[in-house]
2 protein chains.
Amino acid sequence: MKKNILIGQSGGPTVAINASLSGVVRQAMRSEEIGEIYGMLNGIEGLLQRRIVDIRKSFTDSEDYARLAATPAMILGSCRFKLPAPPHEAYDQILQIFKDYNIGMFFYIGGNDSMDTVKQLSAFFHEKGEDIRCVGIPKTVDNDLPLTDHTPGFASAAKYVATSIAEVYRDSSVYDMFSVIVFEIMGRNAGWLTAAAALARDSGCPAPQMIYLPEAPFDPDKFIEKVKSHTTEKKLLIIAVSEGLKLANGDYVSAAGATKDAFGHVALAGTGKYLEELIKDRVGCKVRSVEFSVLQRAASHCASATDISESMMIGEEGVRAALAGKTGVMMAFIREGNAPYLVGCKSVPIEQCANLEKIVPAEWITDEGSNVSEEMMEYLRPLVKGRAPYFEENGMPSFFVLDKTIVSK
Amino acid sequence: MKKNILIGQSGGPTVAINASLSGVVRQAMRSEEIGEIYGMLNGIEGLLQRRIVDIRKSFTDSEDYARLAATPAMILGSCRFKLPAPPHEAYDQILQIFKDYNIGMFFYIGGNDSMDTVKQLSAFFHEKGEDIRCVGIPKTVDNDLPLTDHTPGFASAAKYVATSIAEVYRDSSVYDMFSVIVFEIMGRNAGWLTAAAALARDSGCPAPQMIYLPEAPFDPDKFIEKVKSHTTEKKLLIIAVSEGLKLANGDYVSAAGATKDAFGHVALAGTGKYLEELIKDRVGCKVRSVEFSVLQRAASHCASATDISESMMIGEEGVRAALAGKTGVMMAFIREGNAPYLVGCKSVPIEQCANLEKIVPAEWITDEGSNVSEEMMEYLRPLVKGRAPYFEENGMPSFFVLDKTIVSK
């Protein structure tokens with residue numbers, strides 16, 4: 001008897017999270033063992049409210065798979081809800097919903113917290129003797145999930161950050177004088193995305209000349225010394241820093257920048273803004289800071305073709321794994337080689353990856369914490385290759401449209 | 001006898017200023033009346049130091065024209081130097097340099113100040129009885145030059161801003177709750193680029209729901225009232241504001257946000273940051289501000305095909321005008337129709353445009369200064385159509401490389 005599947009998306013957005021959904025849907029459409037393809041709106045939170053939609057209905061054209069893959073963020077919506085540890089009534093509610101909709105396979109596309117949900121649910125279903133397979137499909141711009149070579153969504157953010165820095169170097173170096181731009185890049189604990197700024201150098205510019213990751217303790221004096229060593233060059237100095245930069249005592253660098261805003265509230269300056277002020281104070285040169293903010297995880301118009309196609313693949317492989325009987329697993333990328341670059345997928349036990357963080361290895365951080373190694377560059381380079389398919393109508397992006405009619409059971 | 005030509009670039013960067021250079025070079029290459037094609041490094045400032053290069057040398061492949069057009073900012077470098085009013089020794093120096101290099105035509109690609117330089121030089125050469133033709137080719141992301149339907153570079157910045165807002169709406173609306181993002185967009189006195197944020201709606205999203213231009217006096221109380229009227233909607237409110245927003249008394253809104261930075265220096269918050277703090281204080285909801293900063297004028301990876309091809313055309317037409325004997329002119333776009341969109345070029349007397357600003361007409365600003373009219377949308381729409389050619393190598397932008405060997409005479 002055919003089983004229905006249920007898919008959810010959770011956590012913070014990336015531009016590849018719909019590509020993985022697209023891959024799950026495409027592979028499910030191909031399978032004769034799969035009946036309905038359901039989506040839950042706003043993750044587990046929406047599931048508990050039975051906000052379930054029929055995904056098949058929204059696919060009417062063969063281009064829809066690529067169009068969904070070119071749509072940023074979660075088309076199904078997201079949530080920040082983390083399933084409480086069992087026992088908890090939510091588990092029985094979820095099981096009842098799964099039975100009502102005849103769900104045999106559950107796919108959850110998300111980051112750390114979402115993998116924890118997959119872990120809890122698969123353990124619960126197993127304990128109850130239910131054959132409901134639970135597969136986690138990773139995503140995060142932070143690239144901080146263990147057991148996978150890299151995570152879907154990371155490479156597109158990396159491509160956007162490095163491309164923008166390469167362009168801004170061209171822009172702000174037209175004046176033949178020394179000046180500084182500090183770019184603040186996402187990454188609270190893991191510096192992968194900040195490290196990727198180094199790829200801008202492959203466009204033929206020296207920037208970013210300094211790179212600081214949260215993994216290495218930040219020394220303001222050495223930092224200023226290094227900035228000063230560049231002042232004799234009549235050119236633009238670009239510095240890439242992680243938002244989560246910390247001092248040797250573990251305090252966030254940005255905490256030092258706490259001031260009062262125009263209304264007297266204490267306001268934390270961003271790390272980039274604080275370093276801008278530090279340079280202004282101690283070096284006295286022309287300096288500005290730029291925060292990529294949400295732009296870096298939403299820029300589908302600059303997505304990596306490699307990222308988007310791999311993100312579709314990992315979704316497809318997730319369906320294959322579930323059909324083969326896997327449950328309580330996360331899908332992972334295995335890099336089989338760099339020349340030529342080749343990546344495969346495998347499933348890994350979810351308890352080995354849920355709630356764990358993969359940070360940048362110390363030996364990939366060089367020059368007293370102000371640069372990254374050639375190993376890092378070799379790791380990063382293949383990931384950002386190619387421009388992903390992009391759809392445009394009248395000059396504006398043309399996104400996938402999901403029919404959000406609720407299916408009641 | 002063949003005449004040599006000299007080209008310079010000046011002012012603030014855009015992504016289309018090299019497309020205009022490419023157009024000048026291409027048309028000059030086609031002409032039998034033109035000998036050498038010289039470029040001045042860092043505008044008039046570099047010219048006075050005789051920093052002159054041979055541009056022909058850098059063109060070795062037919063793809064080079066498109067590659068130069070896809071390279072952001074000024075490949076020749078820029079300057080902020082404005083020629084002092086005559087009489088001044090700089091004029092005689094420049095005439096001598098022009099004679100030494102046998103320059104018969106001078107093309108200056110830039111904004112307001114650059115057009116003033118063209119005006120001064122053409123008047124000076126005319127007074128001296130020299131047949132040296134001076135043609136200004138406009139550019140500015142601000143779109144604030146008079147007598148031209150629009151300016152090269154504006155539409156690409158517009159496309160980037162609107163595309164990014166459309167993507168961020170997708171990104172930050174995944175959580176089914178009310179929140180606010182304020183985008184600060186370039187434009188000190190003219191709100192064209194901020195108005196272009198409205199194009200994001202053509203991607204099928206309601207954002208930006210509020211738009212504020214510097215042309216309309218800003219009322220903080222009415223602004224907060226309007227924000228509050230959105231709080232019942234469980235969705236993201238995006239507000240687009242010009243950096244140059246002013247209160248009814250003429251003060252910059254951002255001046256109200258003056259605080260002390262972490263080092264005790266008085267720091268002006270940006271307009272977006274100040275409005276973020278105002279909303280936090282008076283509405284108390286989740287709010288963040290994003291400043292496009294230099295990203296918006298450097299993003300060649302999101303350039304408008306219409307803008308880049310028109311920017312090449314206006315460069316070509318500049319050469320045709322000079323060959324036809326025109327001098328003391330600025331090249332301008334004439335819109336011949338919207339359905340189908342058709343644009344031509346003509347030359348206009350430079351004294352009619354130098355040092356003048358074109359602002360957004362009052363009747364194109366609607367809803368008590370919080371939106372733009374359908375006329376504005378019709379004006380903007382054709383400009384952002386199409387994705388411009390883009391060159392990439394190993395995932396990073398591949399830019400045009402200029403041979404900067406100085407040619408001494």
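In chain A, strand β6 (residues 179–185) pairs with strand β8 (residues 236–242) in the parallel sense, over 7 bridges. Within this pairing, A:Ile181 has A:Ile238 of β8(A) as its bridge partner. The model is predicted.

These two strands belong to an open sheet of 4 strands in chain A, ordered β7-β8-β6-β11, with parallel pairing. Because β7 (210–212) and β11 (287–291) of chain A each have a single partner strand, they stand at the edges, and one side of each is left without a neighbour in the sheet. From one strand to the next, the twist averages 15°.

Helix α6 (residues 154–172) of chain A lies across β6 and β8 of chain A, and its direction is at about 165° to β6(A).

Elsewhere in the chain, two helices pack against each other. Two packed helices are described by the angle between their axes and the distance between the axes. For helix α4 (residues 89–100) and helix α5 (residues 112–127) of chain A, the angle is about 75° and the axes are 11 Å apart. Angles of 65 to 115 degrees count as roughly perpendicular, so α4(A) is roughly perpendicular to α5(A). On the α4(A) side, the contact is made by A:Tyr91, A:Asp92, A:Ile94, A:Leu95 and A:Phe98; α5(A) contributes A:Gln120, A:Leu121, A:Phe124 and A:Phe125. Sorted by class, the residues in this contact between α4(A) and α5(A) are 7 nonpolar, 1 polar and 1 charged.

How values were computed. Residues are numbered from 1 along each chain as its sequence is written. Chains are lettered from A and ligands numbered from 1 in the order in which they are written. This is a predicted model: local features need pLDDT of at least 70, side-chain atom pairs count only at pLDDT 80 or more; totals for chains, interfaces and linings use all residues. Side-chain values use heavy atoms; hydrogens and water are left out. Two strands pair if DSSP finds at least two bridges between them. Axes are lines fitted to C-alpha atoms, for helices over the stretch in contact, and angles run from 0 to 180 degrees between N-to-C directions. Contact means heavy atoms within 4.5 Å. Angles under 35 degrees count as roughly parallel, over 145 as roughly antiparallel, 65 to 115 as roughly perpendicular and the rest as oblique. Ala, Val, Leu, Ile, Met, Phe, Trp, Tyr, Cys and Pro count as nonpolar, Asp, Glu, Lys and Arg as charged, and the others, Gly among them, as polar.
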